[in-house]
Amino acid sequence: MDQHNHLSQDASSQEQPAQEQGAKYSVGIDLGTTHCVLSFIDTTNEDARVEVMPIPQLTAPGTVETRSQLGSFLYQPHEHEMNEASRVLPWSTEPKALVGAIARNLGSKTPIRLIASAKSWLCHGGVNRRDAFLPAGSPEEVEKVSPLKATELYLEHLKDAWNHANPSHPLSEQDVTITVPASFDPAARDLTAEAARNVGFTHLTLLEEPQAALYSWIDNSNDQWRDEVEVGDIVLVVDIGGGTTDLSLVEVTEDDGNLTLNRIAVGEHILLGGDNMDLALAYRLKMKLAQEGKELAPWQVQAMTHACRDAKEALLNDAELQSVPIVVPSRGSKLLGATLKTELTQQEVQQTLVDGFFPKVAVTDHPVQKTRGALTQMGLPYAQDAGITRHIAAFLSKQANALSGGEETAQQDFNPFANMPGMPGAEAPAADFIKPTAILFNGGVLKSSLLADRLSDTINEWLINADAEFAKQLSGLDLDLAVASGASYYGAVRRGQGVRIRGGI
């Protein structure tokens with residue numbers, strides 16, 4: 001039997017119940033494009049709540065701090081860049097890799113040595129994901145790793161941090177649930193499971209991220225969720241993270257008098273998220289510098305993209321902040337004063353992100369697809385249309401028939417009159433869309449109230465124009481931590497300690 005077979009089934013079909021495996025904790029891991037989070041719940045304590053584990057990591061050479069997230073970044077230092085004493089972690093004097101905050105910080109200055117977005121490469125069918133080619137496009141002297149290996153190194157750091165904090169309950173003996181995008185293809189799911197097994201996780205379940213976010217919402221609502229949603233409700237889960245936009249529809253149904261949540265549709269894998277926003281801001285600044293007669297090398301644009309990520313987060317989280325200075329690094333100390341300075345303003349962020357990524361469009365306005373040139377194959381296949389609202393419009397329109405037919409009809413266009421005799425050329429119903437009655441936002445991008453408000457306003461306009469009611473906003477989540485928290489809660493649910501969403505993987 002293929003060792004991964006049971007992972008493609010609903011999680012309840014694991015070989016043996018977790019209780020018999022002696023696992024004290026249900027551990028949830030959100031293996032995100034830009035951050036990893038580990039949460040846990042003590043399943044032997046009825047009153048225990050889900051907790052997020054602080055993760056020790058290097059933030060600078062010789063400096064260890066704990067953070068609630070581990071940055072999904074890997075830095076390949078020059079052989080003389082850091083001495084051994086400056087790499088020491090609480091559990092090792094010779095860590096296998098520099099991951100987390102230090103990788104992000106060093107990589108922003110030397111981007112050719114930085115591996116980012118390994119998760120996006122892991123689901124890229126156009127490359128061999130076991131081949132060592134990251135950082136993509138870096139010179140020969142930089143050591144290369146595969147997307148699979150980078151994933152293992154993030155998991156290894158999480159495992160070491162856990163084992164250091166819980167020496168008598170190693171992670172290999174706990175019940176671990178790792179989340180993946182609902183739109184991951186089977187190969188990307190298998191690779192995620194393989195990375196986890198290679199690191200020594202034996203009791204493993206995969207769970208789709210939108211469902212994990214819903215489990216977290218349920219857990220946080222203290223049973224009030226039954227008052228917020230009712231049978232017949234359709235919840236649209238919009239998860240916009242660092243690398244992807246993931247869309248799912250979950251129907252609230254009834255089973256033996258109990259409310260249950262049943263996933264009815266999943267969107268396509270859309271490579272569009274915070275990474276694209278950082279690139280767009282960097283190109284905007286590149287144009288601004290070009291107008292001043294200053295041209296940038298590709299590696300400088302790369303470095304500026306990382307600076308834009310930090311500036312974007314600062315400006316979106318503080319509406320009072322007018323601008324953030326951006327320093328563009330230059331090579332060689334002879335060029336005194338050659339370091340370029342510019343700034344990213346609040347107005348530039350709002351224009352680029354709100355109008356560029358969340359345009360106010362009609363529900364009939366769908367993404368424009370063009371054929372790709374061969375040159376784009378070596379990079380990541382980012383979505384060609386940056387308008388997230390257009391992708392959501394297309395998803396809801398495609399799912400217009402999803403309700404009655406369940407998931408099969410949800411994935412295909414369907415004309416019931418196509419071959420009926422006596423009805424030549426009968427048309428399918430006019431363009432329609434499924435009307436969600438509730439919306440759950442997830443992912444770091446939507447922490448910005450500016451972007452979240454624009455998105456909910458746009459969806460509600462579609463509903464009003466279709467004579468439907470506003471969709472309820474389900475809230476109360478920390479959008480960075482919800483997926484990991486929902487995953488560990490799900491592990492407890494599988495033991496009969498909560499409510500289940502059907503249609504897992």
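Helices (H or I, at least four residues) and strands (E, at least two) are DSSP runs, numbered from the N terminus.

**Entry: the model.** I am working with a predicted model, where local features need pLDDT of at least 70, side-chain atom pairs count only at pLDDT 80 or more, and totals for chains, interfaces and linings use all residues. Residues are numbered from 1 along each chain as its sequence is written, and side-chain values use heavy atoms, with hydrogens and water left out.

Entry: Most residues other than glycine have a negative phi, and most peptide bonds are trans. I looked up S117 and found a positive phi, near 60°. S117 sits in the loop between β9 (114–115) and α2, and S117 is buried (under 20% relative accessible area) at 8%. D467 also has a positive phi, near 60°, in the loop between α12 (449–465) and β18 (472–474). D467 is exposed (over 50%), with a relative accessible area of 74%.

I then checked the peptide bond between L134 and P135: it is cis, with omega about 0°. P135 belongs to the loop between α2 (118–122) and α3 (147–165).

**Entry: a helix pair.** I looked at α9 (residues 346–357) and α12, which pack at an angle of about 30° with axes 10 Å apart; axes here are lines fitted to C-alpha atoms over the stretch in contact, and angles run from 0 to 180 degrees between N-to-C directions. The two helices α9 and α12 are therefore roughly parallel (under 35 degrees). For their contact (heavy atoms within 4.5 Å), I noted Q350, L353, V354 and D355 in α9 meeting L450, L451 and R454 in α12.

Key: Buried means under 20% relative accessible area, exposed over 50%, partly exposed in between (1.4 Å probe, protein chains only). Angles under 35 degrees count as roughly parallel, over 145 as roughly antiparallel, 65 to 115 as roughly perpendicular and the rest as oblique.
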